[in-house]
Each structure stands twice: as C-alpha cells, then as structure tokens.
Amino acid sequence: MDSSLIVTMTAMWQTSDSKAFSLAKSQAQKSFDEGGLPIGSTLVDGSGEIIGAGHNQRVQLADPTAHGEISCLRNAGLRGNYQDCTIFTTLAPCSMCTGAILLFKIPRVVVGEATAFRGDLDRLREAGVEVLVVDDAECIELMQRFMAVNEETWKEDIGEGYLPR
Ligand SMILES: [Zn+2]
C-alpha cells in the first residue's frame, strides 16, 4: 500500500502554541483573581501572532454569554476569515462556544483540559476541526479550586442549574 495515500488527522502541539496557551492560562488566573470563572482563551493567526485574548466574565459583567472563547473572539474584532486561526481555551468549549467555532470555521482548537467539563469535542472533530487536549495540570487545578467553593455559579455557567434572582 502506498503510504502517501494514508491521510491522518493528528492533533499535534506546535512550538508556537506555548505563548498563546500561557496567555490563555494567565487570563483564566486573572478571572479567578477577580472572583470569576477561571476560563481563559486566546486566538492566534497563521503567523503565530496573538490577535485576541479574553476570559469568562459571567460574574464580572453579569453576562451569561460572556464565556472565555466568546470574550476572546469579541476582543479580536472582525476578521475576513479564520481559516488559518487557532483558538486556545483552558477548558473544553461548551455548546455555545463550539457553535461559534463552527460558525466562524476556526480549523484548530487547543483545549487545556476536559475533565471539569467534557464539552462536545466529538462534534468539533466530526466537523473536521483539529482538536488537541493538553490535559494541563494547572488548568485542572484552577478549575477544581473554583468549583469547590462556587458550585452553583459553575453549574449556571454551563446551563445545568440556575441561582434564584
Ligand atoms: Zn462556552
């Protein structure tokens, strides 16, 4: 069999990912320090330049749609296309953020961890998106610290519970 005919979609860590992933993590820490959900995100273009960064602002802005990825995309502003972009997020994207990734045809997603929240990574993969889960110990630890004392806020963020208003 001609090995050149075998096409494999292998999600791989790239050297240029380090800076953007670190910034996503510091965005998560910033939100945690503000009393918010510790989820950060960055957007990088094909040249490796960071073109957007943001973090979850549900608590800070009282905005239910201000997830990390959405805040990042807002901060990046308008683009002609996202065909060479990678979005980094410290936690697996929820269905809203997965929808945004698919809507804007972002071809690559780097996920810090998918233990606190599994998301729907298969939906991304089935759509042809390259998904890399890093299993970063610091991302996992920060989410666990937040969830331990803010369970209701966390559940509300992912649509699994609502606080009395
Ligand atoms: Zn989300």
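Me: What makes β1 and β2 a hairpin, and which residue in the turn has a positive phi?
Reply: β1 and β2 form a hairpin with 5 residues between them. In the turn, Gly-48 has a positive phi of about 90°. This is a predicted model, where local features need pLDDT of at least 70, side-chain atom pairs count only at pLDDT 80 or more, and totals for chains, interfaces and linings use all residues. Residues are numbered from 1 along each chain as its sequence is written.

Me: How do you know that β1 and β2 pair?
Reply: Strands pair if DSSP finds at least two bridges between them. Here 5 bridges join β1 (residues 40-44) to β2 (residues 50-55), and the two run antiparallel. Ser-41 has Gly-54 as its bridge partner in β2. Val-44 has Ile-50. Helices (H or I, at least four residues) and strands (E, at least two) are DSSP runs, numbered from the N terminus.

Me: What joins β1 to β3?
Reply: 4 bridges do, and these strands run antiparallel. Ser-41 stands opposite Thr-89 in β3.

Me: Why is β1 called mostly covered?
Reply: A residue is buried if 20 or more other C-beta atoms lie within 10 Å of its own, exposed if 12 or fewer, and partly exposed in between; C-beta atoms are placed from the backbone. In β1, 5 of its 5 residues are buried. Gly-40, Thr-42 and Val-44 lie on one side, Ser-41 and Leu-43 on the other.

Me: What puts the buried residues of α4 on the same side?
Reply: In α4 (residues 95-103), Cys-97, Thr-98 and Ile-101 are buried. They cover an arc of only 105° around the axis, so they sit on the same side of α4. The arc is that of the directions from the helix axis to the C-beta atoms. On the other side of α4, Ser-95 and Leu-103 are exposed.

Me: Why are α1 and α6 called roughly parallel?
Reply: Angles under 35 degrees count as roughly parallel, over 145 as roughly antiparallel, 65 to 115 as roughly perpendicular and the rest as oblique. The axes of α1 (residues 17-33) and α6 (residues 137-149) cross at roughly 15° and come within 11 Å. Therefore α1 and α6 are roughly parallel. Axes are lines fitted to C-alpha atoms, for helices over the stretch in contact, and angles run from 0 to 180 degrees between N-to-C directions.
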